[in-house]
Amino acid sequence: MDLLPEECRTAARAVQPKHVTVIGAGVAGLTAAHELERLGHRVRVLEARLGLGGRLRTHAFTPHGSGPIAELGAMRIPAAHHRTMRMIDQLGLADRVRQFRTLFSDNAAYVETPAGHARVLAASPILVEEFRKAIPPDRDCRAETLLCAAWLAASVNAIAPAKFRCTLEADLNVELLDLLERIDVRPFIVRHGADERIDLNRFFANHRDFAATSRLQHFFDDVITETSSALFRLEGGIDQIALRLAERLRGPVHRGRRVEGLHVTPDGVLVRQRHGLTTVTTHCDYVLCTVPFSVVRGMELSGLTADKTAVIHDMQYWPATKIAVHCREAFWEQDGITGGGSFTGGLVRQTYYPPVENDPRLGAALLASYTIGPDAELLDRIPARERVATVLTELRAIHPELARPGMVLDAVVQAWGEDPLSRGAASVRWSKDVDTAEAERALAAAPQGRLFFAGEHCSTAPAWIEGAIESGLTAAAAVHACAPPAIAVSVNGFQHVSGGAA
Ligand SMILES: Cc1cc2nc3c(=O)[nH]c(=O)nc-3n(C[C@H](O)[C@H](O)[C@H](O)COP(=O)(O)OP(=O)(O)OC[C@H]3O[C@@H](n4cnc5c(N)ncnc54)[C@H](O)[C@@H]3O)c2cc1C
């Protein structure tokens with residue numbers, strides 16, 4: 001499998017094999033390990049968890065995966081993410097690619113408005129009215145521009161986390177109008193009897209660059225991506241990407257090995273890892289660390305430059321929490337909802353209705369709540385054992401069926417901000433301008449001696465699988481191109497230095 005673009009393969013001629021230790025068996029680590037082996041190097045992977053995939057986490061509600069599953073980490077792949085789509089093809093998963101239905105894609109789903117919950121189809125007049133109140137009273141604009149702006153604002157409201165949307169609301173609304181006034185949005189109006197709404201999917205497909213001049217381009221790009229119709233999922237679970245990659249590795253993937261210290265030396269890196277009660281320090285010729293910086297900053301580090309240490313400590317991460325419920329049946333179908341998601345608001349924020357793919361007698365999974373950033377922090381403040389009850393009580397306002405005896409069979413909570421091996425869901429560059437974001441990325445990805453870095457946080461597509469793959473391939477090419485050690489420092493490249501019981 002050849003995942004590296006041609007231009008990055010400059011140094012792909014046969015060279016002396018290097019011994020590379022990859023830390024982390026998420027997408028970035030597994031992609032890099034695979035690519036390094038393909039380039040002729042010897043690789044071992046150290047992973048702290050017992051499972052593989054990192055932030056690709058597919059939860060099966062029944063044994064052997066025969067029943068419903070819930071995606072507790074990544075769940076959708078934008079069609080424009082070519083590296084991810086290519087990897088899916090090359091891993092033999094193309095026949096499992098299905099359309100992912102997103103927020104507001106179903107007319108029967110719900111959207112929270114200041115006047116209460118409304119069905120998507122009937123929400124336009126309320127959203128337009130609310131939008132009008134938020135812009136200067138003397139601001140004049142066409143009715144269709146208002147309709148489009150109101151739906152875009154509703155999407156921003158559904159996707160952006162609290163602090164961000166509050167600070168930006170007024171500016172954002174005026175900026176939206178300015179951007180939209182230059183576009184004829186009439187072709188994207190959809191009418192159902194007396195109701196009309198904007199088909200945001202088609203609008204974005206035709207105007208992908210409409211936010212290119214905005215200072216909030218990064219943010220708009222993500223809103224556009226998340227509300228696009230060109231999104232995919234993997235039937236059977238997105239973690240298959242990681243599992244298939246791991247199956248193809250020749251070198252070992254050591255699970256349950258938590259790295260606690262990284263010390264850059266002139267001829268390699270000293271890696272301190274804990275395995276059960278034992279702590280071992282090993283000299284490694286080359287190390288590629290794919291652990292999120294939110295976790296790396298808790299490690300013992302030495303030999304790094306001051307600016308590298310600063311970016312590790314300062315990089316901003318946002319939490320995200322998902323609460324998925326195993327239901328006796330897909331009750332939402334009787335309510336007319338065939339899929340997609342509702343913006344429920346409150347503590348719940350987003351609710352998704354995944355399709356029932358396995359035996360329906362085994363029930364259906366509902367992604368009851370998906371929160372990010374400060375909204376996730378708010379939810380995480382509720383004691384873990386009460387979180388599910390809080391969310392289900394709120395959600396009953398639109399789905400009273402949840403109160404039926406025997407409807408809820410099980411629930412699972414994944415709070416990424418509380419996960420000690422993640423300490424956040426993803427790095428955030430939304431509020432940064434393009435140059436600042438790129439400077440931060442370049443510094444994050446910059447190697448230190450023979451210590452290399454990858455992971456979504458080192459990429460141009462942070463918070464996406466695409467970014468993890470991009471960074472893994474780039475780092476593998478950098479390790480490959482790096483001059484070999486002048487002096488052989490160890491027999492096998494992973495020389496044991498010291499050890500002891502913790
Ligand atoms: C809730 C949520 C929703 C998302 N939705 C999407 C989506 O829809 N589409 C999309 O494309 N992307 C999505 N993402 C982002 C995507 O999941 C990530 O960008 C990607 O999986 C990151 O991969 P990575 O290899 O960089 O990091 P990780 O997957 O975090 O891999 C790092 C690995 O390092 C391990 N590790 C940590 N500490 C140590 C240590 N001390 N020693 C050894 N190992 C360690 C971890 O266990 C982990 O396996 C989402 C993420 C979250 C959390």
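**Strand pairing, helix packing and model confidence**

In strand S14, Gly 268 is the bridge partner of Thr 265. The model described here is predicted: local features need pLDDT of at least 70, side-chain atom pairs count only at pLDDT 80 or more, and totals for chains, interfaces and linings use all residues. Residues are numbered from 1 along each chain as its sequence is written, and side-chain values use heavy atoms, with hydrogens and water left out.

The pairing of strand S13 (residues 257-265) with strand S14 (residues 268-275) is antiparallel and comprises 8 bridges; two strands are taken to pair if DSSP finds at least two bridges between them. Helices (H or I, at least four residues) and strands (E, at least two) are DSSP runs, numbered from the N terminus.

Across the protein chain, the secondary structure amounts to 14 helices and 26 strands. Of the 502 residues in the chain, 55% are buried. Among contacts (heavy atoms within 4.5 Å) with a separation of 6 or more, 72% involve residues 24 or more positions apart.

An open sheet of 5 strands has the order S12-S2-S1-S16-S25, with parallel pairing. Its edge strands, each pairing on one side only, are S12 (253-254) and S25 (451-453). Strand S16 (residues 286-289) is joined to S25 by 3 bridges, and the two run parallel; Cys 289 lies opposite Phe 453 in S25.

A further open sheet contains 3 strands in the order S5-S11-S6, and its pairing is antiparallel. Strand S5 (77-78) and S6 form the edges, each pairing on one side only. S6 and strand S11 (residues 231-234) run antiparallel and are joined by 3 bridges, with Gln 99 opposite Phe 232 in S11. The loop between strand S6 (97-99) and strand S7 (110-113) contains Thr 102. This residue, Thr 102, is buried, with a relative accessible area of 2%. Leaving aside residues up to four places away in sequence, Thr 102 touches Glu 226, Thr 227, Ser 228, Leu 231, Gly 340, Gly 341 and Tyr 352.

Strands S9 (residues 189-192) and S10 (residues 195-198) run antiparallel and are joined by 4 bridges. His 192 is placed opposite Asp 195 in S10. The hairpin of S9 and S10 has 2 residues between the strands, and within this hairpin Gly 193 adopts a positive phi near 60 degrees.

Two helix pairs were examined for packing. Two packed helices are described by the angle between their axes and the distance between the axes. Axes are lines fitted to C-alpha atoms, for helices over the stretch in contact, and angles run from 0 to 180 degrees between N-to-C directions. Helix H3 (residues 124-134) packs against helix H4 (residues 143-159) at an angle of about 90 degrees, the axes being 9 Å apart. H3 and H4 are therefore roughly perpendicular to each other; angles under 35 degrees count as roughly parallel, over 145 as roughly antiparallel, 65 to 115 as roughly perpendicular and the rest as oblique. H3 contributes Ser 124, Leu 127, Val 128, Phe 131 and Arg 132 to the contact, and H4 contributes Leu 146, Leu 147, Ala 149, Ala 150, Trp 151, Ala 153 and Ala 154. The residues of this contact comprise 10 nonpolar, 1 polar and 1 charged, where Ala, Val, Leu, Ile, Met, Phe, Trp, Tyr, Cys and Pro count as nonpolar, Asp, Glu, Lys and Arg as charged, and the others, Gly among them, as polar.

Helix H2 (residues 82-90) and helix H14 (residues 465-481) pack at about 80 degrees with axes 8 Å apart, and H2 is therefore roughly perpendicular to H14. His 82, Arg 83, Thr 84 and Met 87 of H2 meet Ile 465, Glu 466, Ile 469, Glu 470 and Leu 473 of H14 in this contact. The residues of the contact of H2 with H14 divide into 4 nonpolar, 2 polar and 3 charged.

The mean pLDDT (the predictor's confidence in each residue, from 0 to 100) of the protein chain is 89, and 89% of its residues reach 70 or more. Over residues 4-13, pLDDT stays under 50, and the model has 14 contacts beyond four places in sequence for this segment. Residues 487-491 likewise have pLDDT under 50, with 6 contacts beyond four places in sequence. Where pLDDT is low, the predicted coordinates should not be read in detail.

Notes: Buried < 20%, exposed > 50% of the residue type's maximum accessible area, 1.4 Å probe, protein only.
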